[in-house]
Amino acid sequence: MSSNNIPSPRRKCVGVKVGSVTIGGGAPIVVQSMTNTDTADEIGTTMQVAQLARAGSELVRITVNTMEAARAVAGIRARLDDMGCHVPLVGDFHFNGHKLLTAYPECAQALAKYRINPGNVGQGKKRDEQFSTLIETACKYDKPVRIGVNWGSLDPTMLARIMDENARATSPMDAAQVMRKALITSALESAAKAEELGLGRDRIVLSCKVSGVQDLIAVYSELAAQCDYALHLGLTEAGMGSKGIVASTAALSVLLFRGIGDTIRISLTPEPGGDRSREVIVGQEILQTMGLRAFVPLVAACPGCGRTTSTYFQELAGSIQAYVREQMVDWRDQYDGVENMTLAVMGCVVNGPGESKHANIGISLPGSGENPVAPVFVDGQKTVTLKGDNIAGEFRAIVDEYVRTKYRKKVANV
C-alpha cells in the first residue's frame with residue numbers, strides 16, 4: 001500500500017462484455033452472486049435469481065451439472081425476461097460441461113458466460129479434448145469464459161510437474177509458494193490455450209481462488225503482475241456469519257486498495273433458511289465503504305453507550321436502513337445519484353447534532369431516560385424537531401421528500 005493511504009489506480013486490463021455488463025477495461029467493479037437452488041427446479045431457481053438481482057447482483061451464476069439442469073436453463077432465462085429481470089446468467093460447469101453444452105445448444109445460447117475449472121475438465125488426452133470442446137462452444141456462441149482455478153481441484157499432472165521442477169531447483173520454494181505457482185500456472189496456461197483455440201482476450205476472465213486470506217492476497221498480487229486479463233476476486237469458501245464477512249472483507253479490501261480486481265463474489269455460507277442475497281449486500285458494502293462504488297444510501301449510526309440504554313435509536317436506525325434499501329430498488333430506476341445520499345441516526349446529544357449536520361439528512365435523539373425529542377438536520381441545517389409516537393414515519397417522509405426534490409429524475413427510455 002502507498003504510504004499516503006491513497007488507493008492505487010485500478011490495474012489496467014482487457015474489458016469483457018457479459019450481456020449488458022462489462023467486467024474490467026475500466027468499468028466499475030461488478031458484484032455477482034450464485035444461486036443455491038437445484039437448477040432443474042426452474043421456478044425456484046428463477047425466483048432466487050430474481051431475488052439476487054433485486055438485491056443488486058449484476059451477474060448471477062447457476063449450477064449446470066445435470067441434463068435436467070441444462071434443459072432448465074433456457075426456461076429460466078425466458079421466465080426472468082418475462083418478469084423484466086434481464087440480469088446475465090453465468091453457467092457453472094464441472095466435469096461434464098463439454099457434454100452438456102454440446103447436447104443442449106439452447107442452454108449454451110441462453111447463458112451469458114461460462115465458468116469452467118481447468119482441474120475438473122478431465123485428465124490426460126481427454127482433458128485437452130474436453131477443454132477444446134468447451135472453448136469452441138464459447139467461440140461458436142460468442143460467450144466469454146471465466147477460467148476459475150481452485151486450490152482444492154488443481155490438475156494433478158500440472159501440479160506434479162511443478163513439484164518435480166521445484167524439487168530439482170537450487171533454491172526450492174516452500175509449500176505455499178508451490179501452491180501459488182500451480183494456481184497461476186494453471187490459469188495462465190489455460191488462458192493461453194483458450195486463445196490458441198480462438199477465444200479472444202476480451203472474452204476471458206481469470207480467477208485463482210483459495211480459502212486463506214493471506215494466500216488469496218499473495219496469489220492475486222502475483223497473478224495481476226503477470227497478465228492483463230480481467231480478474232474475478234473471492235475466497236473459495238468464506239464461511240458463515242461474521243467469520244465469512246470478516247475474511248472476505250479483509251482479503252478483498254487489500255486487493256481492491258491495490259487496484260486489483262474487476263468483479264467480486266462473497267461466498268458466504270447462509271444460515272439454514274437464510275437469505276441468499278446477504279452475499280450481495282456484503283459485496284456492495286465492501287465496495288461502498290472502500291469508496292469504489294455507491295449502491296445505496298449509507299446510514300451512519302452510533303454504537304450506543306450508557307447514555308443510550310434505550311433501544312429506541314437502535315430500532316430507528318435499523319428501520320431506516322431497511323427502508324432505504326427497500327426503496328432503492330425503485331429509486332435507482334427513477335433518480336440519478338440517490339445512491340450517494342448519506343443519513344445519520346444518532347443516539348444522544350454528545351455527537352448526535354454534529355454527526356447529523358455532516359449527513360445529507362440526520363436525526364439526533366436525546367439519549368436514554370427522556371421522551372423522544374429529535375432535531376432533524378437537512379444538509380447541515382436544522383429544519384424540524386420530531387416528537388411523539390411517529391418519529392420513524394415522519395423521518396421516512398423527510399427522506400422521501402429529500403429524494404424527490406434533490407435528485408434529478410431519470411428520463412424514461414422510449
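How are helices α5 and α7 oriented to each other: parallel, antiparallel, perpendicular or oblique? Before the answer, a word on the model. It is a predicted model, where local features need pLDDT of at least 70, side-chain atom pairs count only at pLDDT 80 or more, and totals for chains, interfaces and linings use all residues. Residues are numbered from 1 along each chain as its sequence is written, and side-chain values use heavy atoms, with hydrogens and water left out.

Now the helices. α5 covers residues 124–141 and α7 residues 175–196; they pack at an angle of about 60°, with their axes 10 Å apart. Axes here are lines fitted to C-alpha atoms, for helices over the stretch in contact, and angles run from 0 to 180 degrees between N-to-C directions. The two helices are therefore oblique to each other. Under 35 degrees counts as roughly parallel, over 145 as roughly antiparallel, 65 to 115 as roughly perpendicular, and the rest as oblique.

Which residues make the contact? From α5 they are Arg127, Phe131 and Ile135, and from α7 Ser190, Lys193 and Ala194. Contact means heavy atoms within 4.5 Å.

Next, strand β9, residues 230–233. Ala230 and His232 on one side, and Leu231 and Leu233 on the other, are all buried, meaning under 20% relative accessible area with a 1.4 Å probe, protein chains only. Strand β8, residues 204–209, runs parallel to β9, joined by two bridges. Opposite alanine 230 stands valine 205.

Last, glycine 393, in helix α13, residues 391–406. Its relative accessibility is 19%, so glycine 393 counts as buried. Its C-alpha atom is separated by 9.4 Å from that of isoleucine 320, 73 residues apart along the chain.

Conventions. Helix = DSSP H or I, 4+ residues; strand = E, 2+ residues; numbered from the N terminus. Buried < 20%, exposed > 50% of the residue type's maximum accessible area, 1.4 Å probe, protein only. Pairing = 2+ DSSP bridges.
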